[in-house]
Amino acid sequence: MTTTSIPTAPLGTLDEPRLLAAGPQAQLTEHLAAFGPLPDASNDREILHEWELSSLAGRGGAAFPTSEKIAAVLRSVARTGRAPVVIGNGSEGEPLSHKDRMLLTHAPHLILDGMALVARIIGANERFLVAEAVDHPSLKSAMAERRDTSIELHASDDHFLAGQASAILSSLSGGPSIPQNLREHLSERGLDGAPTLLLNVETLAHMALIARYSARWFRAAGTNKDPGSRLLTVHDQGQYQVVEVHGGCSLDTALDQLGINPHSAQAVLVGGFHGTWTTDLSARLVTDITQPSNTRSIAAGAGVIEVLGHGSCPLVRTAEIVTYLAKSSAGQCGPCVHGLPTLARDMHALASLSEDAQLPERIARLTNLVSGRGACHHPDATARLALSSLEVFDQELQAHLNGTCLHDAENQ
Amino acid sequence: MSAELSIDWTRCQGRGLCVELLAQSLTTDPWGYPLPRASQPEGRRLLPIADAQLPAAKEAVKMCPVTALSLRETDH
């Protein structure tokens, strides 16, 4: 749609859902009626090309270009001669994220289509679908309907880091579901040393649609820089909704369409507990913030949005989250084990008006100290969230250091 | 030929031998774990090792009591 340079209206939610076009709890009949059959193997080369043309990026949070991931696995297969493994990742460790669970419940066939296609195209015999145990009923019935026994369901643990790629690998190998120190990329050496392709379940569902309808169709939603659609989990006043939006959508437009008055938002947490704060509601949610753009943009991550109302103190909320994240450490890496509880304690002191003028500097030093020093990115992301609260809420910060809170205590 | 040192943080217990052997590049953090002196967080995952330090780095890999270190030679 936005293939010209003519300014267009800000993008928000999709008029017609794509991923949920087959309706709620779609079974095989509804699924096939809405989307038609899967393209057969004679189209495989073309499908691979369409995935590349689509510029689809992973919807699990890291936003790595999907076709590059596939190409890396294919190169590794060619070099080693080993058959690759495909893993569909539907374990949402992030407590605010509900979109993968929603998709597993309402569009399991689209996810299974994506798995079947990509496994066929890269020649993977071993296929795993990882999801929390509660999701298994609808998935199991979908697999029974298809008489598909090629995919092994694996229940993930319900904790924050369980969905991390190396944690899933460990869990599938019979180990604990905590991050591991990986010296090589999964595409080089993944499960049992085989080239491994790990894709988020929403990514797989988009792949199934692109294979049927083309890259051109996919790119008719979203913007040139951030094509296609994505699922968001939007939290406001203790409620959440999952919604499909255009890539590059504006926060305020999307919120408005969801019945949330953008003026009721003091700030928005984008990307969940591993995300960052913004008060700029005209910002666009995009896949890749490194691409130059003339509008303010913010990384969508796994699509988690939390609206903070005017009555709540953002420093209190951040301290709560950092405390949760410190407790979620897998307890393996020294800087994380020692640094995150200290960071949480300092964030809590700041939130509770301790009037210690040294706090901001100490917090900044701690965030620097824990970053880049762990087997996974948990400390880095926790540090980034803490730092973003100090940057975005400078007025609140100064008030707290003077012993007052700009937001009334009743909501704290 | 230069090299990069990688720390397996799931193994490291802050015994400190590497910090002694590679004092030019490493110091300790407040909890006793090795901390690259110069780098910013993004450059920390692999510590560049200059040629002159290569013997000390190899010694550190060999001596680490929890085998948390590995050295990878790079061709540049």
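These legends describe close-up views of a predicted model. Local features are taken at pLDDT of at least 70 and side-chain atom pairs at pLDDT 80 or more, whereas totals for chains, interfaces and linings use all residues. Residues are numbered from 1 along each chain as its sequence is written, and chains are lettered from A in the order in which they are written.

**View 1. Domains 2 and 3 of chain A.** Chain A is divided into domain 1 (28-219), domain 2 (229-309) and domain 3 (314-411), with bounds from an automatic or database domain assignment. Taken over C-alpha atoms, the centres of domain 2 and domain 3 of chain A are separated by 22 Å. Ten residues from domain 2 and eleven residues from domain 3 of chain A make up the contact; two residues are in contact if their C-beta atoms, placed from the backbone, lie within 7 Å. On the side of domain 2 of chain A that touches domain 3 of chain A, β7 (265-270) and β8 (276-278) of chain A each supply at least two residues. The largest share of that side, three residues, comes from β8(A). Strands (E, at least two residues) and helices (H or I, at least four) are DSSP runs, numbered from the N terminus. By class, this side of domain 2 of chain A has four nonpolar, six polar and no charged residues. Ala, Val, Leu, Ile, Met, Phe, Trp, Tyr, Cys and Pro count as nonpolar, Asp, Glu, Lys and Arg as charged, and the others, Gly among them, as polar.

**View 2. Helices α11 and α14 of chain A.** The axes of α11(A) (residues 314-327) and α14(A) (residues 378-392) come within 10 Å and cross at roughly 170°. Axes are lines fitted to C-alpha atoms, for helices over the stretch in contact, and angles run from 0 to 180 degrees between N-to-C directions. The two helices, α11(A) and α14(A), are therefore roughly antiparallel, a term for angles over 145 degrees. Residues of α11(A) in the contact include A:P314, A:I321 and A:L325, and those of α14(A) include A:T382 and A:L385. The contact of α11(A) with α14(A) comprises seven nonpolar, three polar and no charged residues.

**View 3. Helices α5 and α8 of chain A.** Here α5(A) (residues 108-122) packs on α8(A) (residues 201-213) at an angle of about 75°, with the axes 7 Å apart. The pair α5(A) and α8(A) is therefore roughly perpendicular, the class for 65 to 115 degrees. Among the contact residues are A:L110, A:D113 and A:M115 in α5(A), and A:L204 and A:M207 in α8(A). The contact of α5(A) with α8(A) divides into eleven nonpolar, one polar and one charged.

**View 4. Helix α12 of chain A.** Buried residues of α12(A) include A:C336, A:L340, A:L343 and A:M347. A residue is buried if 20 or more other C-beta atoms lie within 10 Å of its own. The buried residues of α12(A) pack against α11, α13 (359-370), α14 and α15 (394-401) of chain A. Just after α12(A), A:L353 has a positive phi of about 55°.

**View 5. Surroundings of A:F218.** A:F218 lies in α9(A) (residues 215-219) and counts as buried, with 24 C-beta neighbours inside 10 Å. Beyond neighbours within four places in sequence, A:F218 contacts A:S54, A:L56, A:L209, A:I210, A:P227 and A:G228.

Conventions:
Angles under 35 degrees count as roughly parallel, over 145 as roughly antiparallel, 65 to 115 as roughly perpendicular and the rest as oblique. A residue is buried if 20 or more other C-beta atoms lie within 10 Å of its own, exposed if 12 or fewer, and partly exposed in between; C-beta atoms are placed from the backbone.
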